[in-house]
Amino acid sequence: PNIRLICGVRPKTLSDLEDVLSYVETQLVHLLSACHTGQEANNLDYESKVFHAGMLDHVALEVADMEQIAALNFPRGDPEAPLAQIGFGVIDKTKPVIMVIGHNVLPSVDIIDYLMDNSLFGEVEVGGLCCTSHDMTRYNRMAKIVGPISWQLRFIRSGIPDLIVVDEQCIRADVLIEAQKIGASVIATNDKSCQGLPNRTDMSADTIVAELVEGKTPGVLVLDPKKVGEVAVKAVVKIAPKRRVGLKALTREDVQEAAKRCRGCLECVRACPNTLPIAEAVKAASGGEFEKLTSLYDLCVGCGRCEYACPEDFPIISFMNKAAEEAIIDERYKIRVGRGPIQDVEIREVGRSVVLGEIPGVLALVGCSNYPKGGVDVAKIAQEFLKRRYIVVTTGCSAMSIAMTKNEEGLTLYEQYPGIF
């Protein structure tokens with residue numbers, strides 16, 4: 001109802017949303033001009049503009065939701081949306097693996113469509129991180145979620161992805177560099193994140209595939225989503241066998257031998273935003289004790305700052321991956337597919353209980369729980385409020401983190417509680 005309330009229109013077709021978006025864009029330009037030096041002087045008036053920006057955001061979100069539901073047939077407020085798979089272990093590593101990262105699902109949709117149209121979904125794995133992966137599972141249940149944003153570097157370093165497709169937002173600035181370390185190619189699909197790659201949008205799909213397979217370029221920029229679908233699938237099928245032949249997996253013996261060079265300078269500890277005892281764990285690994293490195297895995301936020309600070313250029317994230325490998329390599333969880341907007345009938349159903357206090361309120365867990373053991377904390381918060389009869393809604397990386405905690409019976413909260421509002 002945001003569009004009807006604020007813009008006074010009741011859209012019936014996708015084209016009806018153009019005027020709404022035009023209003024949002026015009027207002028955002030005016031708000032940005034208010035941020036310029038020498039503008040608004042009153043704090044209350046300035047804060048009112050902040051609230052106005054928040055309101056515009058909700059209007060735009062509603063437009064996006066309506067467009068995706070109408071064009072991609074996403075769940076339309078489905079209270080019993082199906083469960084999807086999430087975790088390192090859900091990816092079949094024997095198949096070529098496409099990893100998608102970001103927030104704009106369109107390129108991923110066309111990858112899935114190409115796989116389905118050519119009966120290749122059983123031969124290629126598609127897994128993702130961040131919100132693109134959420135939306136992929138809303139489009140097709142065969143798509144898989146690897147994990148939240150903090151897992152981005154971990155998953156690339158695992159050597160599992162053969163091809164990485166990025167769209168926009170939540171993409172590491174060094175994704176191309178990290179991809180090159182494991183011999184994976186990168187396809188950028190959005191002009192907001194070109195990654196310095198050559199624009200091959202106007203080339204034929206087969207020509208682009210040949211460039212990637214022959215290693216003439218570490219990646220390409222392709223701004224046509226349908227072409228991305230064709231290029232990604234054709235390329236990964238050819239890249240995977242070549243890449244895996246030359247890929248040397250890190251072993252515990254490699255970690256132990258490298259760790260012996262540790263100077264004990266503590267630069268890694270100083271660089272870590274959470275001051276984790278990294279040097280102590282590396283020293284222990286030099287003697288064959290990996291428990292301390294393993295314990296850091298759940299505390300690490302995956303930023304990689306420790307590696308940039310290390311004078312010995314230790315791939316510390318990779319050290320942690322290897323130490324925790326046995327625990328993480330087969331981890332599998334269940335998460336509910338994004339159900340879409342709350343229906344009016346659902347709101348009416350609980351309205352009386354909310355007013356009378358039988359349901360204390362609504363809790364929204366939104367965004368990234370990217371701090372030490374943040375995933376466990378968010379799951380505990382959700383569980384405590386659910387026990388107290390609150391309505392709990394989740395989205396983004398927090399929704400993923402909640403899925404990665406199981407009870408004594410091995411069930412996630414999504415398996416224990418229904419999806420109805």
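Here are a few questions and answers about this predicted model.

Residues are numbered from 1 along each chain as its sequence is written. In this predicted model, local features need pLDDT of at least 70 and side-chain atom pairs count only at pLDDT 80 or more, while totals for chains, interfaces and linings use all residues, and side-chain values use heavy atoms, leaving out hydrogens and water.

User: Where do the buried residues of α2 lie on the helix, seen down its axis?
Analyst: Helices here are DSSP runs of H or I with at least four residues, strands are runs of E with at least two, and both are numbered from the N terminus. Buried means under 20% relative accessible area, exposed over 50% and partly exposed in between, with a 1.4 Å probe and protein chains only. In α2 the buried residues are Leu17, Val20, Val24, Leu31 and Ala34. They fall within an arc of 95°, taken from the directions from the helix axis to the C-beta atoms, so they line one face of the helix.

User: Is Ala70 buried, exposed or partly exposed?
Analyst: Ala70 sits in helix α3. Its relative accessible area is 48%, so Ala70 counts as partly exposed.

User: Which residue in β10 stands opposite Leu365?
Analyst: Strands β9 (residues 362-365) and β10 (residues 391-394) pair in the parallel sense over 4 bridges; pairing takes at least two bridges found by DSSP. The residue opposite Leu365 is Thr394.

User: Which helix does the chain pass through from β9 to β10?
Analyst: This β-α-β crossover is right-handed: with the strands pointing away from the viewer, the path from the first strand over the helix to the second runs clockwise. The helix, residues 374-387, is α18.
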